[in-house]
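Student: I have a model open and would like to go through it one point at a time. Can we start once it is on the screen?

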Amino acid sequence: MPTHGAMPNSFDPTRADALEPRARALVARRRRLLGPGYKLFYEQPIEVVRGEGVHLFDADGNAYLDAYNNVPCVGHCHPHVVEAIARQAGTLNSNTRYLAEPLLDYAERLLATHHEGLGSVMLACSGSEATDLALRIARHATGAKGVVVTANAYHGVTAAAAEVSPSLGANEPLGVHVRTVAPPGPGDTDAGAAFALRVEEAIVDLRRHGTATAAVLMDTLLSSDGLVPDPPGFLRPVADVAHAAGALFIADEVQAGFGRTGAAMWGYQRHGIEPDLVTMGKPMGNGVPISGVAARPELLERFGNEVRYFNTFGANSIAIAAAAAVLDVIEGDDLVARVGEAGAHLRTGLAGLAREHTVLRNVRGAGLYVAADLVDPATGAPDARATSRVVNGLRERRVLISAAGATASALKVRPPLPFGRDHADQLLAALADVLAAAC
C-alpha cells in the first residue's frame, strides 16, 4: 500500500538520469543535503520559482494552474497578506508572553466563525502541533488514553500525531491505545449509522483491553481516506457515540476549514456537529506557519491551570498579522460562496467526463475539494497506475493535481480558493485530453 510520503505520482530517484541536466543536478544535490525523506511531486519534478494567485511559475517562466495547494488558501502571494506580513515584520515580532491587542482581536474574529460553545483558542505553528495539543487536552480532561481514527487517517508527523496517522504506513506503528475504523463507502445506504456503529465497536474494543476513550478524532472530509464528503450530517452520529462514551469529539479542520467546502467556514458545520475541540492549520496563515486548537473554555481552563504549555513561535506577531489578513480576504471577497459555485461547476464537468470515460468513476466533493476514482473498466478495481498516468499527464499540460486514498487511485483536486469557473474549465479540458490519450 502506498504511504503518505510515497505516492505513485512522486518522482522516482532511480530515474534521475532521464532528467534535464539542471534538474538532475538539483535532485542529486537535494538528496545529498536533505536525505531521502523529502519527496518530489511528479515523474518530471518542477523547479518552482514564483507563485501568484492560482498559478505557479517554473524557472523558465512557464505558468502552471495550481489545482492542488491548499496552504495558500487565498492565493499564492496575495497582495493583502504580503503587505500585512511586511508591515508587521518591520514593526514587531514577539511571543505571547507580552500583552498584544492584535492577538486578542484575531482570537475574537476566529472564534466568532465557530459555534458559540468554542470560546477559547490556543495557537501553535503547524497542524501536527495542533493535533498533539488537542490530544493532550482531551487526555487531560477525560483521564483516558484511547483514540479512534479512520483507517487511512493523516493527522500529522509529531510523535503523538504519527501514532494516530495510519496513512504514514506500516513502518510508523500506531499507538497501542489507537483504534481505526473503515470510512463509509460509496455503496453505504445509511452511512452515518453504519459508520457510528464501527466507531462504537472500536470504543468497546478499547474498553475490553482496559482503556477508556479520550477522543474520536475525525478529519471532517475524511480526505486521506479518499475524500468522503457525503451525505452532509453523516458524522453527527459519530460525535453522539463519542459523547455517550465520555470521550471528546475532535474535528480536524486542517483540510476542510477556512471555507474549503463552499458550504460553511468549517467542515463540522456542514455536518451539524458541535465539537469539543477543533484543530486548524495549513491555510490559516496562507503559508506563514500558524495553527490552533479552538476549545470549550472549561477544557482550556483546567488544562491551562494544571499543565505547563508554551510555544515560542505559536501566535507570533507576524503569524497573527498573516492570519488576520487571510480572514480579511475570505470575508471581503465572499470566498465561501464563490468556492461553492466553482466547486459545483467543476464536479458537473467531471461527471460529464465520467460518462464519456468508463475509467473515471465516483465523482465527489464539497466546494473546492474534489475527487474521482480511476478504475479498471473491466473489473471496477482501483487503478493507481492509471491515476499516476493522469496526474503526470496533467503536469505535462501544466495543470497540477495529486492522488488520494489508501490505494492512491483517486484524483485529488484541492486548489487555492480563488480558483474560479474559468480555471475549472482549463482543468477539465486538460483532463479530457489526458483521458483520451492515457486511458
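Student: How many disulfides does a search of the whole structure find?

Tutor: This is a predicted model, and a disulfide here requires two cysteine sulfur atoms within 2.5 Å. The sulfur of C77 is 13 Å from the closest cysteine sulfur, in C73, which is too far for a bond. For C125 the nearest cysteine sulfur is also that of C73, 17 Å away. The number of disulfides found in the whole structure is zero.

Student: Does C125 count as buried or exposed?

Tutor: Buried means under 20% relative accessible area. C125 has 18% relative accessibility, so C125 counts as buried.

Student: What radius of gyration does the protein have?

Tutor: The C-alpha trace spans about 60 × 55 × 45 Å along its principal axes. A compact globule of 439 residues would have a radius of gyration near 22 Å. The protein agrees with that, at 21 Å.

Student: What share of the 439 residues counts as buried?

Tutor: The protein has 13 helices and 15 strands. Of the contacts with a separation of 6 or more, 72% are between residues 24 or more positions apart. The share of residues that count as buried is 53%.

Student: Which residues of helix 3 are buried, and what arc do they cover?

Tutor: Helix 3, residues 101–112, reaches 17 Å from its first C-alpha to its last, close to the expected 16 Å. Its buried residues are L103, Y106, A107, L110 and L111. They lie on the same side of helix 3, because the arc they cover around the axis is only 125°.

Student: Which elements do the buried residues of helix 3 pack against?

Tutor: The face turned away from the buried side carries the exposed residues E101, L104, E108 and A112. The buried residues of helix 3 pack against strand 4, strand 9, strand 10 and helix 10.

Student: Which peptide bond is cis, with omega near -5°?

Tutor: Most peptide bonds are trans. The cis bond runs from D230 to P231.

Student: What is the phi of N362, and where does N362 lie?

Tutor: Most residues other than glycine have a negative phi. C77, in the loop between strand 3 and helix 2, has a positive phi of about 55°. N362 counts as partly exposed, at 32% relative accessibility. Phi of N362 is near 55°, and N362 lies in strand 11.

Note on methods
Residues numbered from 1 in each chain as written. Predicted model: local features only at pLDDT ≥ 70, side-chain atom pairs only at ≥ 80, totals over all residues. Heavy atoms only, no water. Helix = DSSP H or I, 4+ residues; strand = E, 2+ residues; numbered from the N terminus. Expected span 1.5 Å × (residues − 1). Buried < 20%, exposed > 50% of the residue type's maximum accessible area, 1.4 Å probe, protein only. Arc of directions from axis to C-beta. Contact = heavy atoms within 4.5 Å. Rg over C-alpha atoms; globule rule 2.2 N^0.38 Å.
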